[in-house]
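Subject: Structure for your review

Dear colleague,

Please find the structure below, together with its sequence.

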Amino acid sequence: MSLLHPGSSSEAVTPTLVLIFKRPKPGQGKQRLAADIGLWSACQLAEQFLNCALEDLRDWPGPVVLSPSMAEDREWAQQLLPEAEVMVQAEGNLGRRILALDQGLRARGHRSLIYIGSDAPMLKPIHFKTVAESLNKQSVVVCPAADGGVTIMANSQPWPAALEQLPWSTDRLGQSLAACCIEAGQTVAGVMSSYDIDHQSDLQRLRQDLAEDSRPQRRQLLALIEQVDRKDMATEDPAGSETGAASASGGDQRKQPILV
């Protein structure tokens, strides 16, 4: 895979890896998971999901972008990964936010983009490598999720305007996304099945998938899942404070999220 960055004169370019996420807080996001295991446990897991996604960005050989959902979180996001470009999400549904983000990044010179969220820690380097290679031949590449959504969506051409009208957060998203892009004259490829984490049952599958994963943040996530299984985690924050990922910075061990 080429390591050339946006603006290179070569046709082959390493895509930009973009993380779209919300700052993890109790009661914000992961509502279905929280219903299964409690708000505080779900928030702690969301933090570690974010750490895993940041681990993926640190390992990426090309440009990386952090896209937090709130303007007030811009500085916090920059501290998570100082070498990353930061672009705050626009208002509106996820389709509108991705459209605006895609337009903004292309205006800055990014050409091929890979979008991920923070709730698919099962993703491995082979997923990103396969998507990047397929993007050299296709307009759009997705990793379909088991629930009918997607965990990765990548494009070498601008997204169609109809992206805003798609049924986000439903089991029809994957098919609707492909149909939308094909109708706009783009080629679409689906590669490597995947899943995101919405329910406690997903954690059991993830636990199995992480058993042999040596990446540091995945090891920490596995330990956290085992705590949940042992019911050792409190369902409420005893200190009433935000969790570590939302406040700490510096190094891969900072505790500080496919789309959200």
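In which type of crossing, left-handed or right-handed, does α2 pass α8? The crossing of α2 past α8 is left-handed; a crossing has this hand if the near helix is turned anticlockwise from the far one by less than a right angle, and is right-handed if clockwise.

Some notes on the source come first. This is a predicted model, in which local features need pLDDT of at least 70 and side-chain atom pairs count only at pLDDT 80 or more, while totals for chains, interfaces and linings use all residues. Residues are numbered from 1 along each chain as its sequence is written, and side-chain values use heavy atoms, with hydrogens and water left out.

Helices and strands are DSSP runs numbered from the N terminus (helices: H or I, at least four residues; strands: E, at least two).

**Helix packing**

The axes of α2 and α8 come within 9 Å and cross at roughly 165°. Axes are lines fitted to C-alpha atoms, for helices over the stretch in contact, and angles run from 0 to 180 degrees between N-to-C directions. Because of this angle, α2 counts as roughly antiparallel to α8 (under 35 degrees is roughly parallel, over 145 roughly antiparallel, 65 to 115 roughly perpendicular and the rest oblique). Among the residues that meet are Leu45 and Phe49 in α2 and Leu221 and Ile225 in α8.

Helix α7 (residues 200–210) also packs against helix α8 (residues 216–229), at an angle of about 135° and with the axes 10 Å apart. The two are therefore oblique. Residues that make this contact include Leu206 of α7 and Leu221 and Ile225 of α8.

**Nonpolar cores**

A nonpolar core is a set of buried Ala, Val, Leu, Ile, Met, Phe, Trp, Tyr and Cys residues joined through side-chain atoms within 4.5 Å. Buried means under 20% relative accessible area, exposed over 50%, and partly exposed in between (1.4 Å probe, protein chains only). The largest core has 47 residues, and Leu19, Leu45, Leu66, Ile114 and Leu206 have the most contacts inside it. Helix α2 (residues 39–59) gives the most to this core, with eight residues. A second, separate core of 23 residues includes Met87 and Leu101.

**Serine 67**

Serine 67 lies in strand β2 (residues 64–68). Its relative accessibility is 0%, so serine 67 counts as buried. Leaving aside neighbours within four places in sequence, serine 67 is in contact (heavy atoms within 4.5 Å) with residues including Leu19, Met87 and Leu101.

Yours sincerely,
A colleague
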